[in-house]
Amino acid sequence: MESTMGKCSGNCEERERRGPKGMTLDEFKFIYFWEWVHRLLGRLIGVAFALPLAWFAFKRAIPEGYGGRLAALLVLGGMQGAIGWWMVASGVTQGEGMTSVASYRLATHLGLAFVILGFIAWYAFLLGREYLYGRVTREAYLQARKRFILVGKKVLGIKALYCGK
């Protein structure tokens, strides 16, 4: 019985030092900072896209056929933010033992980011085709996308917020 009591007191001391979720306050602050920067960057991108879009629409300077496409990108960006909140809510509302977000929500958030990136690249290639020195081939686009996904794959996981060893 005393060995069990000794284990419990050791665990309680460790829990007090590491916190209820197994991380120190400094580790939590680090994660929180990057999550805050991530949300702020998303909002800044939204504003940096919406304001010029509204200005160019007002001046009628958007090329024919691109107004709807650019408005759709703005809507997709808003959806990305909403999906981000939905993703985070899965970690908050699942109860005391939940320390990570639902993996399918994380995959939805990442997947929509790739869809948005694909549309941006597609529209940029369509708009700038005649200004490019050489025609951008489909293979060059797919190669760039593959590299982007491989880099993302290295830093992403189901336990993306895990700070353990």
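Analyst: Helices here are DSSP runs of at least four residues, numbered from the N terminus. By that numbering, arginine 60 lies in the loop between helix 2 and helix 3. The model is predicted.

User: What makes arginine 60 exposed or buried?

Analyst: Exposed means over 50% relative accessible area. Arginine 60 has 76%, so arginine 60 is exposed.

User: What is the phi of arginine 60?

Analyst: Phi of arginine 60 is near 55°, a positive value in a residue other than glycine. Most residues other than glycine have a negative phi.

User: How do you know what span is expected for helix 2?

Analyst: The expected span is 1.5 Å times one less than the number of residues. Helix 2 covers residues 25–58, which is 34 residues, and the expected value is 50 Å. From first C-alpha to last, helix 2 reaches 49 Å, close to that expectation.

User: How many helices and strands does the chain have?

Analyst: There are five helices and zero strands. Along the sequence the pattern reads α-α-α-α-α.

User: Why is histidine 109 called buried?

Analyst: Buried means under 20% relative accessible area. Histidine 109 has 12%, so histidine 109 is buried. Histidine 109 is found in helix 4. With neighbours within four places in sequence left aside, histidine 109 is in contact with His38, Gln80, Ile83, Gly84 and Met87. Over the chain of 165 residues, buried residues make up 15%.

User: Which residues form the largest nonpolar core, and what makes a set of residues a core?

Analyst: A core is a set of buried residues of the nonpolar kinds, Tyr included, joined through side-chain atoms within 4.5 Å. The largest one has nine residues: Leu53, Tyr66, Leu70, Leu73, Leu76, Ile83, Leu112, Ile116 and Tyr123. Helix 3 (67–92) and helix 4 (103–128) each supply at least two residues of this core. The largest share, four residues, comes from helix 3.

User: What makes tyrosine 66 and tyrosine 123 an aromatic pair, and of which kind?

Analyst: Rings pair if their centres lie within 6.5 Å, and planes over 60 degrees apart count as edge-to-face. Eight aromatic pairs are counted by this rule. For tyrosine 66 and tyrosine 123 the centres are 6.5 Å apart and the planes are at 90°, so the pair is edge-to-face. The pair links distant parts of the chain, 57 residues apart: tyrosine 66 is in the loop between helix 2 and helix 3, and tyrosine 123 is in helix 4. Both tyrosine 66 and tyrosine 123 are buried.

User: Which residues do ring pairs link into a cluster?

Analyst: Tyr66, Phe119, Trp122 and Tyr123 are linked into a cluster by ring pairs. Leaving aside neighbours within four places in sequence, tyrosine 123 is in contact with Tyr66, Arg69 and Leu73.

User: Where does pLDDT stay under 50?

Analyst: That happens over residues 4–9, for which the model has zero contacts beyond four places in sequence. Where pLDDT is low, the predicted coordinates should not be read in detail. The chain averages a pLDDT of 76, and 65% of the residues score at least 70.

Technical notes
Residues numbered from 1 in each chain as written. Predicted model: local features only at pLDDT ≥ 70, side-chain atom pairs only at ≥ 80, totals over all residues. Heavy atoms only, no water. Buried < 20%, exposed > 50% of the residue type's maximum accessible area, 1.4 Å probe, protein only. Contact = heavy atoms within 4.5 Å. pLDDT = per-residue confidence, 0-100. Phe/Tyr/Trp six-rings, centres within 6.5 Å; stacked < 30°, edge-to-face > 60°.
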